[in-house]
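Subject: A structure for you to look through

Hi there,

Here is the structure I promised to pass on to you. Have a look at it first, and then read my notes below.

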Amino acid sequence: MSAKPPILIIEPFFGGSHKQLIDTLIECLNVDDYEIFSLPAKKWHWRARTSALYFSQLIPPEHEYKVLITSSVLNLAELIGVRPDLVTCRKIVYFHENQLVYPVREVKERDCQYGLNEILTCLAADIVLFNSNFNRMSFLDNVQPFLNIQPDFKLKHIRERIEKKCEVLYFPIKFHAFPNKRHIMDITENSEAEDCLHLIWPHRWEHDKNPKLLVEVLMELNKRQVDFKVTICGESYQAIPEAFEGLQEKLGDKLINFGHLSREEYVKTLLTGDIVISTAGHEFYGVAMLEATYCGCYPIAPNKLVYPEIYPKENLYNTSNSLIKMLYNWCRNPQVFRRTRDKFFDFFTFERYSAQHLVPKYLEKMRISV
């Protein structure tokens, strides 16, 4: 009879970056070392509400788990409450995002239960990992204000109990699985004949990525009659954002890709890009931005959220007008842009975000030798 696996991996939202993280980690494990329990990446709110109960019935009662690793979608305290046999595991929770500051269209839409679930999960965990310092601090700084919503008594000293468990461990990106980043000389040589800059927006089609701002910028560039072409890709889980309606007709042949691309086409597109743009109203890490940057795109992002942690100030904008001005000047002067891009790639380093550098650190948290 085969030995029981020592690592229990639970992912209630097995898609996107959540799946990408797990796939990256298990590539470095033996198949006998772990067991995965997951649910498809849909109906997020119900996953956060009921996945603990679901997994409590699915996880075998007879086991030899030493480590439990999950994302913050799971209510870990609830799971441990109904499955006390799991309490002896080293319980590691990974925060891809946090619900204490996750944007909602209206304040009254915020369901406080999700934030409370995450606070309880941290209290039940042994190690709490965040994918950025911005994510960690935005969570910790909002624990007490969030708890103060409670009307008739005050919950105190919760932040202090959680903070000592918290660490930052960047999301590991498998840069080695991409084609080698184009050499700066190759970029220049291949682009000389093509003076029309290719702008890429590779984000989820949801309101927190601010598609409205993207459209505002593109329409202003179009109005000013500068040459550019643009790709708008990324996953779309629901209806097309209102801001995107009619965009194909308005931009015409300047919009060369509009919609989700296969992984192969996505990588090919990134390799043809000049500038990757974020208009995010909220971002805890930004995998797509780093992937596009690795493929040779010059990143432009808001001067807030996680971005100042990753990119130099020259790559950040403060207002929509400053973003428009930056893009307008570069679209008019591609040679000036290419010199700027060359300078960026002379000093920007990807190692600290790479799977090869980071995965051993994750395994160390699980105390597994590689």
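Before we start, one term: contact means heavy atoms within 4.5 Å. Helices (H or I, at least four residues) and strands (E, at least two) are DSSP runs, numbered from the N terminus.

Please keep in mind that this is a predicted model, in which local features need pLDDT of at least 70 and side-chain atom pairs count only at pLDDT 80 or more, while totals for chains, interfaces and linings use all residues. Residues are numbered from 1 along each chain as its sequence is written, and side-chain values use heavy atoms, with hydrogens and water left out.

Let's begin with a pair of helices. Two packed helices are described by the angle between their axes and the distance between the axes. Here axes are lines fitted to C-alpha atoms, for helices over the stretch in contact, and angles run from 0 to 180 degrees between N-to-C directions. Helix α1 (residues 16-26) packs against helix α15 (residues 355-365) at about 80°, and their axes are 10 Å apart. The two are therefore roughly perpendicular (angles under 35 degrees count as roughly parallel, over 145 as roughly antiparallel, 65 to 115 as roughly perpendicular and the rest as oblique). Which residues meet there? From α1 come Leu21, Thr24 and Leu25, and from α15 come Ala355, Val359 and Tyr362. By class, this contact of α1 with α15 has 5 nonpolar, 1 polar and no charged residues (Ala, Val, Leu, Ile, Met, Phe, Trp, Tyr, Cys and Pro count as nonpolar, Asp, Glu, Lys and Arg as charged, and the others, Gly among them, as polar).

Now for a second pair. Helix α4 (residues 112-124) and helix α5 (residues 133-147) have axes 11 Å apart and an angle of about 120°, so they are oblique to each other. On the α4 side, Cys112, Gly115, Leu116, Glu118, Ile119 and Cys122 take part, meeting Phe139, Val143, Phe146 and Leu147 of α5. Sorted by class, the contact of α4 with α5 holds 8 nonpolar, 1 polar and 1 charged residues.

Staying with α4, which of its residues are buried? They are Tyr114, Gly115, Asn117, Glu118, Ile119, Thr121 and Cys122 (buried means under 20% relative accessible area, exposed over 50%, partly exposed in between, with a 1.4 Å probe and protein chains only). Their cover includes α2 (44-58), α3 (76-82), β4 (90-95), β5 (127-130), α5 and α6 (158-163). Take Asn117 as an example: its relative accessible area is 9%, and beyond its neighbours within four places in sequence, Asn117 is in contact with Ala48 and Asn75.

Glu11 sits in strand β1 (residues 7-14) and is buried, at 2% relative accessibility. Leaving aside neighbours within four places in sequence, Glu11 has contacts including His18, Ile22, Phe37 and Ser71. Glu11 and Ile22 lie 11 residues apart in sequence, and their C-alpha atoms are 8.5 Å apart.

Finally, some backbone angles. Most residues other than glycine have a negative phi. Asn210, though not a glycine, has a positive phi of about 55°; Asn210 belongs to the loop between β7 (197-201) and α8 (211-223) and is partly exposed at 25%. Gln225 is not a glycine either, and has a positive phi of about 60°. Gln225 lies in the loop between α8 and β8 (228-232) and is exposed, with a relative accessible area of 69%.

Happy exploring!
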